Amino acid sequence: MIPLLLLAAYLPSTPMLGIAEGRCRATEAGPAILVDVRGLRDRQGLLKLEVYPSNDKDFLADDNVLINAGKVFRRVEEPVPRDGAVRLCVRVPAPGAYSLSLLHDRDANRRFNLSSDGIGFPNNPRLGLSRPSAEATRVVAGPGLTTIDIVLNYRHGLSFRPLER
């Protein structure tokens, strides 16, 4: 049996992992998180919203490792709309606590570019050059639709912050 950490090396991450499970459908009842995106730098690229178990070990862990361990991982990826309000919906498997991340991938290369891309988390924790804790990014999803705001942060010197304060 291949250890889970080595499994990620054998199974490269794919942008499609977690998308089918995370897609919100109008005909499906059940828990989902609706994210109102605030503070976009511009209207280019992709938005990628990801759901993780809400603990520090699994938060922002490799998607292959999480899926192969039977843990929660969901992803929604959409082009940034040209105008209007920006909302993303992601389905979660059950009511409960989850940690989320939102990436504004401005060049749509599916990789985080430290100097140009934006990043945001629920509860909008203050960001430096290290990631926030799972607790700081925790959302408790109810049995239906749970609505939250996420403010995007972009690099300014040695820290990340919203465009407007």
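The model is predicted, and its chain holds 3 helices and 10 strands. Followed along the sequence, these elements come in the order α-α-β-β-α-β-β-β-β-β-β-β-β. Of the 165 residues in the chain, 43% are buried. Among contacts between residues at least 6 apart in sequence, 76% join residues that are at least 24 apart.

**Surface**

The chain exposes about 8900 Å², and carbon and sulfur atoms supply 54% of that area. Phe112, Leu114, Leu129 and Leu158 make a nonpolar surface patch of about 420 Å².

**Aromatic pairs**

A pair of aromatic rings is described by the distance of the centres and the angle of the planes. The count for this model comes to 4 aromatic pairs, and two of them are set out here.

| Pair | Centre to centre | Angle between planes | Arrangement |
|---|---|---|---|
| Phe59 and Phe121 | 6.0 Å | 65 degrees | edge-to-face |
| Phe112 and Phe160 | 6.1 Å | 35 degrees | tilted |

Phe59 belongs to the loop between β2 and α3, while Phe121 belongs to the loop between β6 and β7, so their pair ties together parts that are 62 residues apart in sequence. Phe59 is buried, with a relative accessible area of 1%, and Phe121 is buried too, with a value of 5%. Ring pairs also link Phe59 and Phe121 with Tyr52 and Phe73 into a cluster.

**Backbone angles**

Most residues other than glycine have a negative phi. Leu60, however, has a phi near 70 degrees, a positive value, and Asn123 likewise has a positive phi near 70 degrees. Leu60 is found in the loop between β2 (46-53) and α3 (63-68), where its relative accessible area of 30% makes it partly exposed. Asn123 is found in the loop between β6 and β7 (138-141), and at 51% relative accessibility Asn123 counts as exposed, because the cut-off for that class is over 50%.

Terms used:
Residues numbered from 1 in each chain as written. Predicted model: local features only at pLDDT ≥ 70, side-chain atom pairs only at ≥ 80, totals over all residues. Heavy atoms only, no water. Helix = DSSP H or I, 4+ residues; strand = E, 2+ residues; numbered from the N terminus. Buried < 20%, exposed > 50% of the residue type's maximum accessible area, 1.4 Å probe, protein only. Contact = heavy atoms within 4.5 Å. Areas by Shrake-Rupley, 256 points an atom, 1.4 Å probe, with all protein chains shown as cover. Patch = residues over 30% accessible without salt bridge, like charges linked within 9 Å, V, L, I, M, F, W, Y side chains within 5 Å. Salt bridge = Lys/Arg side-chain N within 4 Å of Asp/Glu carboxyl O. Phe/Tyr/Trp six-rings, centres within 6.5 Å; stacked < 30°, edge-to-face > 60°.
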